[in-house]
Amino acid sequence: MLAYVVRRLWQFVPTMIGVVLLVFFLFSWVGGDPAYLLAGKVSNPEQIENIRRQLGVDQPYTAQLWIFVKQIASGDFGASWSTNEKVSEILATRLGPSLTVLVPLLVISTILAMAAAMLVAYVRASITDRAIMIGCTVGQSISILVYIIVSQYVLAYQFGWFPVQGWGNDFSENLLRYSVLPVIVGVIVSLAPDVRLYRSFFLEEMHQDYVRTARAKGLSETRVMWVHVLRNAAIPIVTNVMIQLPGLLVGAFLIERFFSIPGIGREVILAVERSDFPVLKAVTVYVAIATMIVNLVADLLYKAIDPRVELE
Amino acid sequence: MSAQAAAFAAGAHAGSRGLWMLAWLRFCRDRVGLVSLIVVAAYFAVVAASGMGWIADEWSKEVGVSYAPPGAMGPDASSAAPAGAAPQARAEVAQDDSGIADPIAGEIAEIRKGLAGISPSETRAATLPFGGDKWGRDVLQKAVKGTQTSVLVGLAAALLAAFLGTLFGAQAGYHGGWVDDFFNWFYSVFTSIPYLLLILAIAAVLNQKGTGTVILILGLTGWTGIFRLVRAEYMKHKVREYVRAADVIGASDARRMFAHILPNVSHVVLVQLSLHVVLFIKSEVVLSFLGFGVGVDTVSWGSMLNEAQNELILGKWWQLAAATAAMAVLVTAFSLLTDALRDALDPRIK
Amino acid sequence: MTSSGESTVLLAVRDLAIDFRIDRKTTLTAVRGVSFDIPCRGTVALVGESGSGKSATALAILGLLPEETATVRPGSRIFYADRNLLEITPRELRALRGTGISMVFQEPMSSLNPVFSVGFQLGEVLTKRLRVPARRARARAIELLREVGIPQPESRIGAYPYELSGGQQQRVMIAMAIACEPKLLIADEPTTGLDTTVQKQILELIAGLQRRRQMSMLFITHDLALVAEIADHVVVMRDGEIREQGTVRQIFETPRDPYTRALLACRPPLARRPRRLPVIDDFPRRPPAGVLDVPERSRGLLGNEEIVLEVRHLAKSFRLRDGLFRKREFKAVKDASFKLARGKTLGLVGESGSGKTTLGLLLVRLHKASSGEALFEGKDLLSMPPKTAMNYKRRIQIVFQNPYASLNPRFTVGQILIEPMKIHAIGAGDQERRVLACDLLEKVGLPQASFGRYPHEFSGGQRQRIAIARCLTMKPEVLICDESVSALDVSVQAQLLNLLQDLQDEYRMSYIFISHDLCVVRYMADEVAVMCEGEIVEAGDSDEIYSNPRHPYTKTLLSSIPRAWRS
């Protein structure tokens with residue numbers, strides 16, 4: 001096991017190098033000269049040179065790359081181009097709100113989806129099954145934007161059940177008041193595709209031979225589903241959840257933007273709108289690292305729940 | 001050589017059915033799948049017609065009053081006939097001030113009308129079939145044009161992604177060794193960065209909108225899913241006996257990869273292509289909504305939703321409804337089509 | 001019918017008919033009105049080839065047929081303890097499973113839940129069905145494992161299914177089935193897919209358990225030979241119907257139905273070697289005369305034959321990763337040497353893991369040999385550069401085991417046959433190639449219309465014929481048959497063996513015949529080489545080896561052949 005972890009950590013290195021190169025390529029080479037972007041309408045060549053020197057983009061590429069590497073190692077990406085806040089501070093403060101919405105979102109939507117999927121798989125090919133499946137398909141086809149807009153308008157604006165947007169300073173207030181509508185919208189949006197996916201996992205397991213053996217032993221249907229099938233279907237479900245994690249952090253950006261939640265996703269959008277490269281570079285690198293770590297943890301978790309897997 | 005053999009050799013294929021034909025027959029038996037196919041085909045026809053300029057060509061012309069309601073609802077009371085607009089505006093403006101008459105109020109009102117495209121001599125419709133947006137543009141035509149944009153982007157990006165994913169996956173899966181290592185490295189770099197973040201980052205650096213840009217962005221980042229599947233398929237088929245047999249009879253690598261294995265893998269690619277069209281349409285809508293997608297002068301469902309966001313507060317819901325309905329119908333039909341395709345090409349117990 | 005009074009019959013099946021829905025339009029009748037009895041404390045063997053409906057019948061007894069696709073026709077009855085099992089409530093049926101009637105399935109690997117330990121799955125039966133408290137259940141489980149012959153059961157009880165061998169997995173399945181002391185044990189092909197030596201052990205285990213616990217048994221198999229060892233009564237099925245039933249003695253000594261007789265006769269017998277094996281079509285309705293009196297074929301080498309292929313010290317090791325940096329070596333083939341004479345057959349026998357298939361693949365360069373040489377006309381085939389090797393590819397060919405995987409499903413038969421001709425420039429043009437292909441189709445016994453058909457339209461035996469025809473397009477001098485008939489039913493096997501023999505007679509090809517089936521090898525081979533764990537432990541004239549085996553492994557192997565085929 002230890003050998004496996006060591007080997008995987010070792011494999012991080014080439015991937016990390018690739019990510020650094022990719023980010024550098026994108027932002028420093030393709031992104032071109034940001035000086036014009038930031039100088040605005042002022043086209044005084046002196047001022048532009050000044051900005052360039054400040055940003056360090058007047059140096060040759062290799063030097064810039066080295067600076068970038070040092071930044072990653074030290075965790076200090078300098079200051080945001082637009083707000084002049086320290087990038088590391090920005091990210092540190094934005095992480096909390098993001099998680100306050102994401103963790104409940106993930107937990108609730110996974111549990112709900114699993115329960116719904118198991119129910120649907122059990123009554124497969126019945127009217128209920130087909131109706132729910134078609135409902136999911138239609139639900140999936142409506143853009144998340146529409147869900148957000150409509151729920152904000154109807155539930156918050158018209159009915160006044162929740163605040164339309166905003167964020168407070170107190171943790172419990174944030175959790176119980178401001179997060180509720182965003183979490184509801186998030187759960188609704190992710191429910192449809194998750195139910196479909198998990199249903200297919202359950203169906204696949206239910207047709208395996210060991211289910212027939214369990215029935216031949218005279219075990220009750222409840223036990224067959226809840227103990228035998230669930231335990232096997234949990235494997236791809238857990239894998240799926242783990243894979244989605246890193247993407248969720250950023251993917252909630254729409255929710256954060258609409259509900260004015262000061263999270264990482266919203267920060268990313270703002271950075272894109274303002275061409276704030278340091279923030280984008282930092283987020284990309286950190287999320288890439290997080291993804292690799294999450295993948296490793298997912299593989300170890302996989303080994304813990306599926307005894308057949310041999311980590312070599 | 002027997003005469004009988006020669007005679008039969010000339011005849012040969014007598015009503016035999018290959019696997020594609022069988023899949024097609026299976027597909028035809030699925031009513032839901034057939035209906036979805038028809039709906040999708042109808043959408044494609046609309047896209048083609050719109051692209052040729054036969055319909056919705058004049059979507060940008062402002063033919064209705066601002067926020068003209070849909071025909072079924074009747075004209076809005078507040079948007080009175082244009083003939084009386086000018087003096088009314090003048091009167092309104094004059095009253096807004098707290099008692100002080102504004103000497104140039106009338107001229108300002110005229111300028112404003114001119115900017116809004118209303119010239120006193122032109123008549124504007126009080127209602128439009130699906131309503132009008134803020135500038136009085138026909139929502140129905142916008143929806144059609146938006147369909148063209150979103151569908152074209154989704155389709156083109158999906159084809160690009162499928163091409164790249166299949167090419168890379170075939171090489172990696174078949175050859176193994178360092179070729180596989182290289183492509184895997186490439187894949188892991190791309191997938192370490194969440195999809196949406198990568199797209200946004202690229203959009204940020206390119207800082208250039210436009211349909212072509214969006215297609216490139218989506219296609220160049222979306223190949224990873226297809227790559228993984230095609231690679232797994234090639235690895236699976238490479239050790240199958242029919243490929244081994246081809247090796248033993250002397251078939252070359254290229255022949256084995258493309259003449260033997262590819263036809264057995266193409267059904268997977270087809271289903272993935274279909275899935276990715278849906279994914280890319282949704283991504284394009286989000287990108288355009290945020291303003292990073294298609295250009296300002298191109299209409300897409302995303303830009304329509306963007307406008308709809310503010311309109312809703314004013315109680316004007318028709319642009320939201322049109323864009324949502326158009327998108328929902330197409331995506332639902334495409335999803336059901338993908339399911340039916342999958343069942344037809346790879347039948348399993350449901 | 002052999003029932004001798006209702007009170008001694010444990011289970012009675014009457015007019016059982018089962019339909020399977022393939023898709024919206026097609027329905028397949030798997031079982032068409034089957035009736036038989038299972039006596040108390042007796043063993044009934046249900047024998048049939050694939051598609052005969054025997055498994056469906058067994059599943060119907062316990063109500064385990066897949067609900068979405070299978071329907072039992074009304075009018076079918078299965079009587080157990082004066083109740084019709086098809087009419088009782090699901091709850092009552094469930095109460096019966098495991099305690100009254102239990103079942104062992106064919107594939108133990110997939111029939112056991114992979115994520116739970118053996119102890120958990122075995123204990124579950126005890127705690128949930130018999131309400132035994134947990135601690136006692138664990139002790140009882142260990143006893144059961146010991147009874148079915150699992151070594152060191154105290155430590156094995158925590159093992160997961162994948163950690164056990166096929167034979168051990170099956171033993172665990174059997175333990176689960178007998179845990180609640182059922183009155184009837186249904187065993188659905190429990191030994192198919194296991195090694196020959198293991199098969200024998202499992203059979204003995206089941207037979208012993210049945211005697212000790214006084215259970216009835218319904219034993220399902222396609223191998224009539226196994227039946228003689230364990231059964232009292234035999235029911236022979238074909239295409240969903242019962243063709244014949246009777247005691248073992250009656251079936252083996254005085255079979256009446258032509259299908260039964262064909263089944264008995266089609267297997268290559270150990271004692272004799274008829275020139276041709278009889279096939280089912282040789283048995284018309286009336287008992288024929290003298291179809292079994294064919295002249296024998298003599299085999300063996302005289303010593304002066306031309307050697308077409310000489311293999312010297314062939315070895316193959318696979319490198320597997322072990323730990324962080326080390327690599328473990330797995331020796332699949334260690335130092336194999338033999339000579340193949342022109343026009344003769346070398347039989348390569350062994351169980352799974354013996355390396356016989358790897359050896360075959362090495363000879364056609366599908367694996368790269370670690371060391372050794374294979375001399376063909378004096379040149380080493382294995383060390384040639386790829387370009388030179390192309391010239392020799394057409395002269396040594398292989399027919400694989402799995403008929404469902406060795407033909408490209410997207411090619412027509414015509415394309416499959418013409419491809420090698422195109423690669424090796426055989427035939428002057430498309431027209432001539434077509435004619436050649438159709439000729440070959442005729443030679444392997446397929447209709448001309450096959451040319452435009454796709455593989456999925458053919459049966460397993462027909463697909464093997466196509467594979468053989470594909471090899472024949474190149475007129476090879478050496479043909480390797482890698483378990484080519486193992487996946488086929490007995491009757492089809494006989495046809496293929498006859499075909500192969502005819503082709504050898506006509507073309508004077510040399511065969512390397514790889515198989516785990518000792519009877520088939522004896523029938524086909526002039527020389528035999530026995531392989532065990534990568535080594536050839538004994539080799540020689542085939543008659544000699546079968547009558548006087550010297551190596552202990554050979555002796556074990558030969559003793560596991562079912563008795564019925566030996567006399």
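Predicted model: local features only at pLDDT ≥ 70, side-chain atom pairs only at ≥ 80, totals over all residues.
View 1. Helices here are DSSP runs of H or I with at least four residues, strands are E runs of at least two, and both are numbered from the N terminus.

**View 2. Helix α13 of chain A.** This helix, residues 264-273, is mostly covered, with eight of its ten residues buried. Those are Ile264(A), Gly265(A), Glu267(A), Val268(A), Ile269(A), Leu270(A), Ala271(A) and Val272(A). After α13(A) comes Ser275(A), and its phi is positive, near 55°.

View 3. Look for Gly218(A) in the loop between α10 (209-216) and α11 (221-251) of chain A. Is Gly218(A) buried or exposed? Gly218(A) is buried, at a relative accessible area of 3%. If you skip its neighbours within four places in sequence, Gly218(A) is in contact with Arg94(C), Arg97(C) and Arg129(C). Contact here means heavy atoms within 4.5 Å.

**View 4. A loop serine in chain C.** Ser450(C) sits in the loop between α15 (430-443) and α16 (460-472) of chain C. Its relative accessible area is 1%, so Ser450(C) is buried. Not counting residues up to four places away in sequence, Ser450(C) touches Val413(C), Leu441(C) and Phe458(C).

**View 5. Cysteines without disulfides.** How many disulfides does a search of the whole structure find? Zero, over all chains; a disulfide is a pair of cysteine sulfur atoms within 2.5 Å. Take Cys438(C): the closest cysteine sulfur, in Cys471(C), is 18 Å from its own sulfur, which is too far for a bond. Cys519(C) is in no disulfide either, as the nearest cysteine sulfur, that of Cys266(C), is 13 Å away. Both cysteines are buried: Cys438(C) has a relative accessible area of 0%, and Cys519(C) has 2%.

**Notes on the views.** Residues are numbered from 1 along each chain as its sequence is written, while chains are lettered from A and ligands numbered from 1 in the order in which they are written. Local features need pLDDT of at least 70, side-chain atom pairs count only at pLDDT 80 or more, and totals for chains, interfaces and linings use all residues, with side-chain values using heavy atoms and leaving out hydrogens and water.

Key:
Buried < 20%, exposed > 50% of the residue type's maximum accessible area, 1.4 Å probe, protein only.
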